[in-house]
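I put the model up first.

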Amino acid sequence: QKVRRKANQSKPPPTPKTLNPSSGHSPMAAVRVILPHPHLPIPSWRPQLKPSSSYPRRAVAAPASLSPSPLTASLQLGDVIEAQQFDRQVLNEIFEVAREMEAVERGSHGFRSRVLEGYLMATLFYEPSTRTRLSFEAAMRRLGGEVLTTENAREFSSAAKGETLEDTIRTVEGYSDIIVLRHFESGAARRAAATAEIPVINAGDGPGQHPTQALLDVYTIKREIGRLDGIKLGLVGDLANGRTVRSLAYLIAKYQNIKIYFVSPDVVKMKDDIKEYLTSQGVEWEESSDLLDVASRCDVIYQTRIQKERFGERIDHYEAARGKYIVDKKVLGVLPKHAVIMHPLPRLDE
Amino acid sequence: QKVRRKANQSKPPPTPKTLNPSSGHSPMAAVRVILPHPHLPIPSWRPQLKPSSSYPRRAVAAPASLSPSPLTASLQLGDVIEAQQFDRQVLNEIFEVAREMEAVERGSHGFRSRVLEGYLMATLFYEPSTRTRLSFEAAMRRLGGEVLTTENAREFSSAAKGETLEDTIRTVEGYSDIIVLRHFESGAARRAAATAEIPVINAGDGPGQHPTQALLDVYTIKREIGRLDGIKLGLVGDLANGRTVRSLAYLIAKYQNIKIYFVSPDVVKMKDDIKEYLTSQGVEWEESSDLLDVASRCDVIYQTRIQKERFGERIDHYEAARGKYIVDKKVLGVLPKHAVIMHPLPRLDE
Amino acid sequence: QKVRRKANQSKPPPTPKTLNPSSGHSPMAAVRVILPHPHLPIPSWRPQLKPSSSYPRRAVAAPASLSPSPLTASLQLGDVIEAQQFDRQVLNEIFEVAREMEAVERGSHGFRSRVLEGYLMATLFYEPSTRTRLSFEAAMRRLGGEVLTTENAREFSSAAKGETLEDTIRTVEGYSDIIVLRHFESGAARRAAATAEIPVINAGDGPGQHPTQALLDVYTIKREIGRLDGIKLGLVGDLANGRTVRSLAYLIAKYQNIKIYFVSPDVVKMKDDIKEYLTSQGVEWEESSDLLDVASRCDVIYQTRIQKERFGERIDHYEAARGKYIVDKKVLGVLPKHAVIMHPLPRLDE
């Protein structure tokens with residue numbers, strides 16, 4: 001269900017052919033994508049979560065743990081901490097479930113699925129994010145599950161009184177079957193997963209990672225372009241602070257013959273850890289300052305917002321970085337016909 | 001279900017005969033109104049919301065769109081943006097459903113209705129309002145539906161990062177079947193409805209309108225007084241900033257032989273657009289500064305709070321306006337016996 | 001269900017034998033307690049809440065009102081305002097239900113109980129508390145009920161516009177079947193219960209009481225030590241501002257041959273009202289500044305956090321009080337083997 005949900009989270013951005021040239025302000029009119037699948041019956045797949053107290057202690061970044069089912073014999077639920085934890089086999093199974101879940105979502109308006117009936121998910125958000133939080137909660141509710149929600153745990157909880165994340169996690173896992181954590185510190189999800197005996201899903205940890213967004217992004221690329229091996233991908237914008245581009249780079253590196261172009265202002269360049277990981281995985285990458293040239297070569301342009309809130313006091317750096325690389329009509333003009341532009345949102349003027 | 005819910009939102013205010021003259025502080029003891037209807041079986045009525053992707057594009061301020069059902073053959077669900085979108089025929093049908101829903105609500109304690117099972121409502125509140133938000137959410141839950149909630153979307157969402165309302169709406173409609181929007185800007189609901197392909201309900205847009213409150217108010221008048229044609233209505237208090245009086249004026253204008261008295265401090269007089277609309281609809285109105293005189297002529301006194309938060313820095317204006325027109329024992333003394341006093345809450349010392 | 005829920009709220013703290021001496025930072029590793037009970041079938045017990053409008057007016061601090069059922073013939077649901085409202089007979093019945101509910105909770109992962117189906121609980125939190133709020137909401141959801149939630153009613157509601165608590169309660173009771181109230185003022189729960197015609201549960205009212213936490217604490221003592229009569233209890237830390245210790249003292253006083261030791265810095269000593277109550281109930285108590293001596297005599301050490309937020313400007317007092325009495329290895333060394341250490345959380349360095 002994770003992936004089905006994420007297919008909603010940030011709607012797949014429009015392909016160039018959906019652009020409305022008459023809307024002057026933004027050339028990227030967000031268009032609702034009509035899914036091609038007919039309504040299918042509710043699947044028999046249902047996660048086999050055990051009572052938390054009988055969970056075996058799992059390694060933190062273990063591959064998504066897996067439960068037998070007619071549909072996905074090897075797919076179980078476990079922690080989702082970082083994009084690199086998945087291998088191709090698990091990704092394929094997730095995408096299969098995702099495709100099935102698209103149909104469930106289509107058919108869910110007015111009908112309540114029971115796939116997750118009786119399960120209780122806690123969304124623990126230390127950093128507010130309506131888009132991400134509602135995406136998880138909608139998925140849970142569409143599938144018959146229940147939700148405990150915190151909109152701003154940082155300000156409104158024991159964290160404000162000095163409680164450690166670990167103590168909070170131990171309490172919340174007593175109430176729920178799975179925890180979705182958004183936190184302002186890189187590594188928080190890993191710490192939470194090390195503490196919890198129930199699964200933890202990382203919904204973004206500071207400038208760290210955002211693996212479920214990356215799962216969605218890779219799934220969207222596969223659906224829009226038709227394949228993942230051999231993709232040419234341009235990552236544009238804030239590559240230093242954008243956790244979605246970091247997770248996407250880790251995930252796409254699982255595929256063959258990938259080429260990645262980094263296009264970003266100097267102050268927010270992609271960090272070395274990602275570059276070294278890509279090199280170690282045999283992924284070709286290069287940095288470029290010529291967005292038009294990159295656009296003409298890519299299957300996917302993945303554009304991100306320059307995140308003002310991560311610049312702190314350095315407003316001068318923010319102003320310098322903002323608006324340097326913008327997808328405008330010139331960029332659209334050189335894009336290959338089959339290419340798509342993606343954006344994890346929110347977008348400003350990029 | 002909209003009206004049933006609103007019948008809860010602000011409890012019908014007490015008629016004069018329920019007053020407790022010994023409670024010195026406020027002469028308007030809020031009294032729980034016992035509904036006269038016996039418990040009825042759950043109705044067969046159930047909205048026929050289609051999957052959002054197959055919705056036809058609807059005109060923004062179209063009359064509440066309509067679906068066939070045994071109960072209300074012409075009533076469908078659509079955007080609810082402003083009070084004037086309704087005509088008498090639609091209002092009558094809404095009131096019929098409301099009456100039936102009162103019985104459902106009575107019988108719902110311990111029994112879960114399934115009228116809205118499988119539907120997911122997102123409450124997107126950019127301006128906090130516990131009363132209004134909980135009223136919608138309680139209605140949805142009483143009728144078997146599910147809720148995605150945001151308590152303070154302005155501060156805790158992408159809006160704080162500069163995202164447009166339109167982008168947010170496009171995301172949220174991907175998660176839900178209907179959006180209830182409270183916003184701080186007049187016209188926001190109209191913009192949201194123009195963007196969304198699922199229904200949008202305006203739960204108050206700045207100093208603009210609050211149409212569901214007006215539906216409730218008109219329904220309450222009908223239930224308490226027994227008719228709507230020929231009503232004499234005194235609107236008292238902050239008529240410049242009060243969106244509920246604006247929506248109520250628009251809605252009551254649909255009926256015959258209405259007479260409206262405006263009683264307000266000079267700085268918060270009813271605006272010209274409403275006056276012109278009433279004149280164009282053949283509704284008699286006059287301004288008065290004599291609350292006692294008005295009270296002696298009215299079927300309904302509709303009292304509102306002077307809204308400090310809409311005065312901004314002009315505390316002097318607020319102090320001048322506050323407490324000028326107060327419903328006290330003298331006012332109660334001149335009210336006709338059958339008359340009722342209504343207040344959309346919250347109330348201070350008025 | 002109240003007690004079952006609270007058994008989750010603050011996990012029973014570890015007994016000394018679960019300590020991990022190698023974790024230098026805190027000697028109190030919070031350990032998940034495995035409940036000994038096998039999975040039991042869902043109980044037939046189901047509260048007989050009547051429609052709110054037909055509730056008889058109840059005395060404010062009446063003992064938890066009671067409804068006939070096969071399991072607990074005399075247990076009904078009513079207001080829960082303060083610990084002293086319960087008598088031993090009612091407590092025994094609550095603990096019986098609690099024990100049964102532990103089994104329901106164990107079995108609830110993936111199965112939805114219907115004990116509270118069709119009931120709607122409003123959590124009205126004027127003071128944020130994620131732990132307490134989620135504990136009530138999780139309990140309600142595990143038992144099949146629905147929830148209306150406010151994370152920060154003080155800031156985000158009509159209270160900010162000057163509405164009285166009574167008016168807010170009258171509105172919210174129109175939407176729900178039971179209200180869980182957390183408030184920043186002592187006595188707020190009593191005022192709410194005097195206003196509401198539906199049950200009100202006090203989830204903490206300023207420095208007043210926290211009776212459901214005390215129910216949990218007493219239940220935990222009974223489960224861990226095996227009895228309640230004859231218990232020797234050390235209350236350590238902030239006894240002036242800690243509402244949980246106040247409620248616990250009131251509740252444990254219902255039992256025979258209780259001995260209580262107060263160990264606290266001078267500025268946050270236990271207040272006289274509690275001491276006088278204990279004396280009037282024949283409970284032995286003494287104040288001590290020797291934690292080691294007290295620890296060697298007790299069955300239960302109940303440690304609380306020095307609450308910085310209740311000191312206001314007096315940071316010097318806070319610094320003096322903080323860290324004076326800490327449960328460290330020396331304390332653990334003198335504890336009787338069967339003794340347990342409890343903490344209502346959050347904990348800092350105590």
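A crossing is left-handed if the near helix is turned anticlockwise from the far one by less than a right angle, and right-handed if clockwise. This is a predicted model, where local features need pLDDT of at least 70, side-chain atom pairs count only at pLDDT 80 or more, and totals for chains, interfaces and linings use all residues. Residues are numbered from 1 along each chain as its sequence is written, chains are lettered from A and ligands numbered from 1 in the order in which they are written, and side-chain values use heavy atoms, leaving out hydrogens and water.

Entry 1, helices. I looked up α7(B), residues 211-225, and α8(B), residues 243-252. Helices here are DSSP runs (H or I, at least four residues; strands are E, at least two), numbered from the N terminus. The two pack at an angle of about 60 degrees, with axes 8 Å apart. Axes are lines fitted to C-alpha atoms, for helices over the stretch in contact, and angles run from 0 to 180 degrees between N-to-C directions. The angle therefore makes α7(B) oblique to α8(B) (under 35 degrees is roughly parallel, over 145 roughly antiparallel, 65 to 115 roughly perpendicular, the rest oblique). I noted the crossing of α7(B) and α8(B) as right-handed. The contact (heavy atoms within 4.5 Å) includes Leu215(B) of α7(B) and Leu248(B) of α8(B).

For chain A I found domain 1 (88-209) and domain 2 (212-342), with bounds from an automatic or database domain assignment. Their centres, taken over C-alpha atoms, are 26 Å apart. Domain 1 of chain A gives 20 residues to the contact and domain 2 of chain A gives 18.
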